[in-house]
Amino acid sequence: MLRLLGPVEVAGAPSPAGDSPRQRLLLAALATDADRPVPVEVLVDRVWGTNPPPRARRTLHAYIARARRMLADAAGDAEPMRIDGRSGTYLLRVDPQRVDLHRFRLLVGQARDTGCPPPRRVVLLREAMGLWRGPPLAGLSGAWPTRMRESWQHERVDATVAWAQAELVAGDPAAAVHPVAALVGDHPLAESLTAALIRLLARTGRTADALRCYEDIRHRLAEELGMDPGQELRQAHQAVLRGESTEPEGARPTRTPSARTVEPVPAQLPLNLAVFTGRHRELAALDALLAPAPGPGTTALAVLSGTAGIGKTALAVHWGHRVRDRFPDGQLYVNLRGFDPSGPPVDPAAAIRGFLDAFAVPARQVPVDPDAQTALYRSLLADRQVLVVLDNARDAQHVRPLLPAAPGCFVVVTSRNHLGGLVAAEGARLLVVDLLTGQEAEHLLISRLGAGRVEAEPRAVDEIVALSGRLPLALAIIAVRAAVHPGSPLTRVTAELRQRHRLDALDAGDPAVDLRGVFALSYDALTPGARRLFRLLGLHPGPDVTSPAAASLIALSHRDTHRLLHELAQANLITEPAPGRYAFHDLLRAYAADLTHRLDADDDRTAATHRLLDHYLHTAYHAERLLLPAREQITLTAPRPGVTVTGLTSFEQALTWFTAEHAVLLAATHHAVAREFHAHAWQLSWTLANFLESNGFPHDFAAVSRVAVVATHRLDDPWAEVRAYLLRGHSCTLLGRFDDARTHLRHAIELCGRTGDRLGEAHARWDIAKLLERQGRHGEALDHVRQAHELYRSAGNRLGQATTLNGIGWLHAQLGDYESALAACEHALRLLQQGDDRNRQASTYDSLGYIHHQLHHHATAVTCYQRALDGFRDTGAREDEAITLTRLGHTHYAAGDPGAAQHVWQRALRLLTDLGHPDAAHVRTRLASLTAPPDSQRSP
């Protein structure tokens, strides 16, 4: 059990979060919304309040990591609790009944059910009250825990009153006296609670104490509030004086909707869509919120948030029609027009007057004061079960006056913003409405065009789904276009979408559903800085963007940019699929690009692109220096003012950054050459090459090497052109395109001859040697590697000498000269150990392992291979690691240890399969031979 109703505890032990109250507060912030996603910004607000420190989000991620470890340790035999993170949210994955707060609410809700027998009600409420161990969130301070304590204490008081009433009807009133009296001491002005205590005292024969209790609260009310006791207290007091039954009114049957059939029952929901499709996840989440209704003490509140055109209103209305029978007192609906271009948003006071009209409240009974109108509205709904749909809200303040306080009501709010304030303060459940799945998008087309037409052209349907970005509004517009010409093939529609600007092609001729107009409503609501950043993000070529990259794009500080990104995310114009990474919907990207080309000057767009490419190039080059500090350097132009270069300080950080930015860097490289930033293009290719080769991306390596050749041709820089040809030749070798590789490397050697670039020629000779070695032409390869070695020696390049010595040793081993091989590789290792190139040291240990294997020095071979593996793992060279594991397996097998061979081959197979490497089939065959019957086994 995770306990919040007292000190925060997990599995009966205090949270092992050290002396950090914020760590415990984070756990409580997640547990309060158990099994529901909580946005990062809401967690930050709950943990730090309205003025979080600059590094709050980074600290939050550290707290999350510690909480994950703590929950795993506390699991025991029970199903483990875990914290999942996605789309800018975190979710505590746990059965809510294992959290005392939610267990308490469930028990109270079951007890309040009108069909619950009185004895059962007593049992349920006794268990519920037993979950309390003092003030909730004890020892934690701050605005959010204070709000929660007050709210939960109100729930406790209400439940205690219900428990006292249950004990009076069918239980043991004496058992409740002491707990109720103690709670009255904490809440001396709670009239319903004191009335319950008076009844308990009278029922147990303590009439004098009951009368004294009434006098005490009467004096306190007069002195502190200047008011007399309310009706409930006066009735309890009179019952004691008359010696009447103290059975509370709450024990009598409640009135049913049929008892007031003369009262109007509003049904304001708009027309339900006849072709609604999909949204099973969101519908299930809303159903789950409704399941325990009527809830204990508070109105259930859901916020449907999502970008323009995503289908929030359709979802809310469809669900409302599905569950309308659960709300016999009516359904209220208002379009608050939070983003309407035709006028200002609907004032909450006007919405309330409309709701009062729906319940036929006479105009003369409606107060003039807006606050009094709100109070009347809430009083009207106090004992009703009503569904309230507040559509298109602009912000949390737009909604708050319209929230009823009745436990039988349910409120659904739709907004383009996240309305984090409602989540933090009112406990709303946030549901981010995402794009349709591919299958849901296809079903939408079927519902509008018919199954026959859709099934007849599956390829055209796939293209329509892709071009629409799976945005429901875009799909609906396309379906309208197709429906106008029922006899035309769908390929006609796809051709139009391809030929015209996508936003022009998705103009339905109606301002209400024109995508540009729909998106503009969200864009116009932004601050000027956020509008500028949104436009410039349309220039970004990659699938997502980080805050430092965005800061470079707009030339602002990281802090200011993060604030603007947060504003865009809150408006659902961008998403945060992973912490700190922001992405566009394809159609919003097109809209942003359209805006920046219409509104921003050419020079401003060019400068922004230059800064963006500077960010990626300088950060990537710095990361490359951390991965391979001894690699030949290239000269970069200083970054422009306003560029943010990500500060990386370790090998691990550099590798992590390359891994995260892999797809973005590829896109930036192609974008650079397309926009004629040729120096950026070839230098980005150079910085990416080692990472792409070491991590098994040969086709990506080939693609950037082609960019490098094109870019350096246009720069007229022979030195850079040689390096581009080297990249191109080596990438072709990796793909087995040996003739192309030889051509490119020969071009490099010719250029080096004309310019006297001896180091470039050494690189080219070394690459030719590797090419020939792959072809099995070991003698020719040995000649080229020796030439490369001499060129490196004459250039004074110690790393090149060591590398080629390892190559000489490897080729001697392939030719069967193991003694010469051993001498060359040991010499190479001595040179490499004078530096810090872990990858080349690992390669040399791999060569030594192979040589010792061939010499039947199996123990030494295993030691060398293990050192090679350590180095490859440290440097993230997964392909090299897999190949060394394969060779290590051969050594174990040859040493008579097939079990060890099987273990390392299984590891190798997992890596090779993950990399899509052709050697996976070879290793799979070796493993199969180990498990074959003895008479069919063949030596691996």
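The charged end of R631 sits over the ring of W686, 3.5 Å from its centre, where a charge counts as sitting over a ring if NZ of Lys or CZ of Arg is within 6 Å of the ring centre and within 35 degrees of the ring normal. This is a predicted model, in which local features need pLDDT of at least 70 and side-chain atom pairs count only at pLDDT 80 or more, while totals for chains, interfaces and linings use all residues. Residues are numbered from 1 along each chain as its sequence is written, and side-chain values use heavy atoms, with hydrogens and water left out.

**The protein as a whole**

- The protein holds 42 helices and 14 strands, these being DSSP runs numbered from the N terminus, with helices of type H or I and at least four residues, and strands of type E and at least two.
- Of the 940 residues in the protein, 53% are buried, a word that stands for under 20% relative accessible area, with exposed meaning over 50% and partly exposed in between, for a 1.4 Å probe and protein chains only.
- Among contacts between residues at least 6 apart in sequence, 67% join residues at least 24 apart, a contact being heavy atoms within 4.5 Å.
- The accessible surface comes to about 40,400 Å², and 51% of that surface belongs to carbon and sulfur atoms, with areas taken from the Shrake-Rupley method with a 1.4 Å probe and, for residues, only the protein chains shown counting as cover.

**Aromatic rings**

- The structure holds 13 aromatic pairs; rings of Phe, Tyr and Trp (its six-membered ring) pair if their centres lie within 6.5 Å, and planes under 30 degrees apart count as stacked, over 60 as edge-to-face and the rest as tilted.
- One of these pairs is F104 with W132, which is edge-to-face because the ring centres are 5.5 Å apart and the planes stand at 85°.
- This pair links distant parts of the chain, with F104 in helix α4 (residues 100-112) and W132 in the loop between α5 (118-130) and α6 (143-170), 28 residues apart, and both F104 and W132 are buried.
- The rings of Y621 and W686 make a tilted pair, since their centres are 6.1 Å apart and their planes lie at 35°.
- Because Y621 belongs to helix α28 (residues 602-627) and W686 to helix α30 (residues 678-694), the pair ties together parts that are 65 residues apart in sequence.
- Y621 is buried at a relative accessible area of 11%, and W686 is buried at 4%.
- A single aromatic cluster is formed by W657, F658, F691 and F697.
- The charged end of R838 sits over the ring of F651, 4.5 Å from its centre.

**Strands**

- Strand β10 (residues 410-415) is largely enclosed by the rest of the structure, because six of its six residues are buried.
- From β10, F410, V412 and T414 point one way and V411, V413 and S415 the other way, and all are buried.
- Strand β7 (residues 300-305) runs parallel to β10 and is joined to it by six bridges, with V303 standing opposite V413; two strands pair if DSSP finds at least two bridges between them.
- Strand β9 also runs parallel to β10, through four bridges, and L387 has F410 in β10 as its bridge partner.
- D391 lies in strand β9 (residues 387-391) and is buried, with a relative accessible area of 2%.
- Leaving aside neighbours within four places in sequence, D391 is in contact with T313, Y333, V334, N335, L336, R337 and T414.
- Strand β6 (residues 89-93) has four of its five residues buried, so it is largely enclosed by the rest of the structure, and it pairs with strand β4 (residues 38-39) in the antiparallel sense over two bridges.

**Helices**

- Helix α37 (residues 818-832) has 15 residues that should span 21 Å at 1.5 Å a residue, and its end C-alpha atoms are 21 Å apart, which agrees; the expected span is 1.5 Å times one less than the number of residues.
- The buried residues of α37 include A821, L822, A824 and C825, and what covers the buried residues of this helix includes α36 (798-814) and α38 (838-854).
- Just after α40, G896 takes a positive phi of about 85°.
- E282, found in helix α11 (residues 280-290), counts as buried at 4% relative accessibility.
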